[in-house]
Amino acid sequence: MSTTDGDASGARVDRVVELFERHADSVFHVAWRILWSTADAEDVTQTTFVRAFTRLDQLRDDGRERPWLLQIAYHSALDVLRRRRDVPTDPAELPDRPEGDDTERVADRRATVALLQAAIDDLPGALRIAFVLRDVEGLSTRDVADTLGIGESAAKMRVARAREQLRLALEGVLT
Amino acid sequence: MRCEDVFDNLTDLLDGALDRESEAAALEHLATCERCEITLAETRTLVELAGDERPTRLDPSARATLLDRIVGEVGRDS
């Protein structure tokens with residue numbers, strides 16, 4: 001390898017490290033919301049950044065780096081689900097959160113957030129991941145659509161339905 | 001605009017994605033409809049809370065381990 005090749009390669013590794021420092025929590029969070037397993041979500045996080053490294057040339061717009069990474073994470077997490085089930089996986093069939101992981105409920109803002117987290121956990125898979133991408137991770141509707149591989153109107157509808165289900169679940173707590 | 005129209009456009013209204021005419025019509029309805037106003041306020045609070053705190057973060061030691069593994073893997077492949 002020439003020095004120039006080495007420099008280019010080092011720059012690519014540095015770029016992946018930079019992406020990891022900025023977005024590892026988001027990637028891990030999205031994977032965890034799909035898989036409900038810390039170990040699996042960590043594996044998906046690793047896979048995501050390794051795959052990102054091999055596809056760095058596709059990332060031309062720095063403003064799109066997070067939706068781009070989350071798209072890789074989303075598909076990597078679905079791969080894990082497929083391996084678990086050994087069948088094709090539809091996002092509508094994302095697993096429910098396992099029982100016995102109740103969220104502490106105390107009467108302050110933090111507790112309201114905790115209540116919200118529990119309600120998010122109870123959403124159907126397709127709505128849950130759309131809401132998490134849009135309102136927790138802050139992606140635009142277009143980026144949610146791109147990440148999930150669906151149309152923008154479908155993404156908007158899922159977010160709207162998720163918000164309404166959550167609002168009803170937290171009725172009396174939100175005002 | 002009626003209650004169901006406001007309801008259908010709630011997400012766009014919150015996201016600032018409604019066209020000017022529809023937004024004006026929605027706001028006009030909201031000024032006189034307490035139920036829709038409460039629904040909008042609750043949904044706005046919900047969205048604010050959702051962005052407030054990401055519940056699941058990487059454990060710091062796991063984070064360091066993962067980064068080491070990733071750098072090891074991509075460094076080997078480059």
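Chain A has a mean pLDDT of 82, and 80% of its residues reach 70 or more. Here pLDDT is the predictor's confidence in each residue, from 0 to 100. The structure is a predicted model, in which local features need pLDDT of at least 70 and side-chain atom pairs count only at pLDDT 80 or more, while totals for chains, interfaces and linings use all residues. Residues are numbered from 1 along each chain as its sequence is written, and chains are lettered from A and ligands numbered from 1 in the order in which they are written. The model scores ipTM 0.75 and pTM 0.69.

Over residues 100-107 of chain A, pLDDT stays under 50. For that stretch the model has nine contacts beyond four places in sequence. Two residues are in contact if their C-beta atoms, placed from the backbone, lie within 7 Å. Chain B averages a pLDDT of 87, and 94% of the residues score at least 70. In chain B, helix α3 (residues 20-30) has the highest mean, 92, and helix α2 (residues 10-15) the lowest, 86.

The secondary structure of chain A comes to seven helices and zero strands. Helices (H or I, at least four residues) and strands (E, at least two) are DSSP runs, numbered from the N terminus. Of the 175 residues of chain A, 41% count as buried. A residue is buried if 20 or more other C-beta atoms lie within 10 Å of its own, exposed if 12 or fewer, and partly exposed in between, with C-beta atoms placed from the backbone. Among contacts in chain A between residues at least 6 apart in sequence, 63% join residues at least 24 apart.

Three helices of chain A pack in pairs: α5, α6 and α7. Two packed helices are described by the angle between their axes and the distance between the axes. Axes are lines fitted to C-alpha atoms, for helices over the stretch in contact, and angles run from 0 to 180 degrees between N-to-C directions. Angles under 35 degrees count as roughly parallel, over 145 as roughly antiparallel, 65 to 115 as roughly perpendicular and the rest as oblique.

Helix α5 (residues 125-136) of chain A meets helix α6 (residues 141-148) of chain A at about 135 degrees, with axes 9 Å apart. α5(A) is therefore oblique to α6(A). Ile129(A), Ala130(A), Leu133(A) and Arg134(A) of α5(A) make the contact with Thr141(A), Val144(A), Thr147(A) and Leu148(A) of α6(A). By class, five of these residues are nonpolar, two polar and one charged. Ala, Val, Leu, Ile, Met, Phe, Trp, Tyr, Cys and Pro count as nonpolar, Asp, Glu, Lys and Arg as charged, and the others, Gly among them, as polar.

α5(A) also packs on α7(A), at an angle of about 95 degrees and with axes 8 Å apart. That makes the two helices roughly perpendicular. From α5(A), the contact includes Phe131(A) and Arg134(A). From α7(A), Arg158(A), Val159(A) and Gln165(A) are among the residues that take part. The contact divides into seven nonpolar, one polar and five charged residues.

α6(A) and α7(A) pack at about 105 degrees, with their axes 8 Å apart. They are therefore roughly perpendicular to each other. Thr141(A), Arg142(A), Val144(A), Ala145(A) and Leu148(A) of α6(A) contact Glu152(A), Ala155(A), Lys156(A) and Val159(A) of α7(A). Five of these residues are nonpolar, one is polar and three are charged.

Between the chains, 33 residues of chain A are in contact with 30 residues of chain B. On the side of chain A that touches chain B, α1 (3-35), α2, α4, α5 and α7 (152-169) each supply at least two residues. The largest share, eleven residues, comes from α1(A). This side of chain A has 18 nonpolar, eight polar and seven charged residues.

Chain B comes to five helices and zero strands. Of its 78 residues, 21% count as buried. Cys3(B) lies in helix α1 (residues 3-8) of chain B. Cys3(B) counts as exposed because it has 12 C-beta neighbours inside 10 Å. Leaving aside neighbours within four places in sequence, Cys3(B) is in contact with Cys33(B), Arg35(B) and Cys36(B). Cys3(B) and Arg35(B) are 32 residues apart in sequence, and 8.5 Å apart in space, C-alpha to C-alpha.
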